[in-house]
Amino acid sequence: MELICLGLNHKTAPVEVRERFAVGAPKLGESARELIATTGVAEGVVISTCNRTEFYLVAPEAQDAFNRLEHHLAEKTALLGSAAPHFYRMEKSQAARHLCRVVSGLDSMMLGETEIFGQVKQAYQAALDAGATSNVLNRVFQRAFGVGKKVRTETSIQEGSTSVGNVAVDLAEKIFGHLKHSEVMILGAGEMSRITAQSLVSRGARSIFVSNRSFDRAEELATEMGGSAVRFDDWQSVLERVDIVISSTGSPHAIVHRADVEKARRARKYRPLFFIDIAVPRDIDPAVGEIEEVYLYDIDTLEQLAEEARSRRQKQIEECERIIDAELEKLNLPGT
Amino acid sequence: MDRWLLISATLLAVFGGAWGMVSVHRGNRSRWTVVWMSAVLVCQIAFLSLRGEQRAACPLADRGEILAFLSWSLTLFYLLVGPAYRISLLGVFTAPVVVVFQSIALLPGMLEWNPQEVAGGNPWHETHSATSVLAYGALALAAVAGVMFLVLDRQLKEHHLKSGLFRNLPPVRELLVSLERLLWLGGGLLTVGIVAGFLMPHDRSALGHLIAALAVWTGYAVLLAVKSVRGLTGRRLSLLAVGMFVLSLGVFAFV
C-alpha cells in the first residue's frame, strides 16, 4: 500500500481555481467516503481550507491512484484539464513529510499560523467518522499531529504577531489582560480601523465607540460593530472612559494633542491608556506618548514589530524541517 | 538544626530564582518556580516552628528571626497571590528578595545560637510582632509587583518588546490590581499590628519604635487614600510602593 497526496494551494493556484475544488467543512467526511467508493482506493482524507484542497489516499499503486483521482475530479468539476498544472502530486515519504509541514504551519500563507492544525484535525476526524480511514492513514495523521505539536513547542515558529492588526491586539492584551473589561474608541471610520477594532472585539473588547467627521459613516460602522457612534466634536468626552483608542483619519495634521489627553487624566484616575495610530500622516501628536500612563504606537512601530516576527519565523524554518525529518525517520510510517 | 533549615530555604530560593531567570531568558515561563518556592516555604515553616518551640512564643525575638519571619510571610503571600492572579513570574522576582533577607539573617550575630524562652510573654505583644511582620511580607510583595510593573512599563514605553522577560510578564492592569490588593492587605495587617502595639504594655524606650510604626502606617494610609480618591499613575504607585517599603525597612533597622 502506498500513501499519495494530490493537492493545490495558494502557492500553486489562484483563488478562482481553488474555489472550484473547495469542499465545505460539513461535507469533508462525505467527500472522503465518495472518493473511496469512486476511485477504489483503500483509504482517503480530504482537507479543504481557504488556501488549500488536498486529497490523501492509500492505494496499492500510486500512479494508478493518481489517474483515478484526477479522473474523478475532472468528472466532478469539469475543470481538471486546465487546472492540472496547479496540482502537486506527492508519494510515500514525500506525502507524509508534506502533511507534517502543513500541520506545522510551514506551508501556510501566514507562516506558522495555528488555525491549520485544527482544520486538518477536523478533516481527519470527518474522514474517520465516515469510515474512510484505516490503519495507514490513522497512523500517518496521528503521527503528523504529534510532529506538528513538537514543532510548535520546540521552535518559535508561531511566536509573535505578523500583521499590524494582530500586533496591536497583542499589545492591548499585554496592557489590559483579557479585553472583556476594555472599551475602545475608533477615530476615523477607515478600513484599517475597522479591521483592528474587529480583532479587538473578537478577543472580547466590551464596547466600541466610533467617531468620524461624517457622522453617517460613524453610525454605519458602529452598527456593524455593535457599538455607538459619537459626533466628531465629542470624542474628547468619550476619552474619559475608554482604554484603547485606534486612530486612522485622513486628517493632514494631528487631531489628538497632549492637552486633550491631559484634560481627561483626572477623570480617568490616571488609568493606562493605549493609543494605536495607524494614520499617515499621524493623527496623534508624539508628545501624547510622553504622558506617564499612555502607551503610544504608530504604524511604523507596529509594522516594524510585525516584520520582526515574520523574520523570526523565517529563521525557524530550517529547525522545523530538521525536526520533521528526524521524527519521520524515527517513525517508519506505513505507506511511505 | 534550625540554622540548616534556613540555609536550605535560602539555597532552594537561590535555585528557584536562578531556574526561573534562565527560563525567562530563554523565553519560557518557569512553572517550576512555584514548586521551588513551595519547598522554600516548607523549610521556613520548619525553621520557625523549631525557633517558636525554643522560645515558647512567636519567634520574633532577634533580628535574624524577624528577617526569617518576613521571608516566610513574603513567600506565603507570593504563593497565595501568585497562582491566583496567574503571575507565577512573581516568584522569579520574589526569590532574590527572600535570598537577601535570609542571607542577612544568617550573618553572624543575627540569630541567637541558643534561643532562650521569652519571659513574661504578652498576647498583645505577640499579636503586634506577628501581624506587623506579616504586613511587611504583603508590603514587600507589593514592592516586588511594583518593580515588575516598572520593568514592563519601561519596555512598553520604549517599544522594547523582544525579550523573554517581556513575553512572560503579566499584563499591566493585572500587576496594578495585584499591587493595590497587596497594599490593602499589608495596610490592614499593619493597622492590627499598630492597635495591638498600643494595647501591649510598653515603657518609654518603645516610644521611638511606636512613632516610627505610626509614621509608616500613615504613609501607607495616605498612599491608599490618594490612590482610591484621586487616582495615581501606575508608575507613581509602583515607585511609592517600592520607596516606602525600602524606607520603612530602613527606619526599623535603626529605630
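This is a predicted model: local features need pLDDT of at least 70, side-chain atom pairs count only at pLDDT 80 or more; totals for chains, interfaces and linings use all residues.
Buried residues, counted over the 255 residues of chain B, make up 46%.

## Fold and dimensions of chain B

Chain B contains nine helices and zero strands, and the order of elements read along its sequence is accordingly written α-α-α-α-α-α-α-α-α. The radius of gyration of chain B is 18 Å, close to the 18 Å that the globule rule gives for 255 residues, so chain B is as compact as a globular protein of that length.

Along its principal axes, the C-alpha trace of chain B spans about 60 × 45 × 30 Å.

## The contact with chain A

Where chain B meets chain A, the contact takes 13 residues from chain B and 13 residues from chain A. On the side of chain B that touches chain A, the elements that give two or more residues are α5 (123-157), α7 (172-199) and α9 (234-254) of chain B. Of the elements of chain B, α7(B) gives the most to this side, with three residues.

By residue class, the side of chain B that touches chain A divides into five nonpolar, four polar and four charged residues.

Key
Residues are numbered from 1 along each chain as its sequence is written. Chains are lettered from A and ligands numbered from 1 in the order in which they are written. Two residues are in contact if their C-beta atoms, placed from the backbone, lie within 7 Å. Helices (H or I, at least four residues) and strands (E, at least two) are DSSP runs, numbered from the N terminus. Ala, Val, Leu, Ile, Met, Phe, Trp, Tyr, Cys and Pro count as nonpolar, Asp, Glu, Lys and Arg as charged, and the others, Gly among them, as polar. The radius of gyration is taken over C-alpha atoms; the globule rule is 2.2 Å times the number of residues to the power 0.38. A residue is buried if 20 or more other C-beta atoms lie within 10 Å of its own, exposed if 12 or fewer, and partly exposed in between; C-beta atoms are placed from the backbone.
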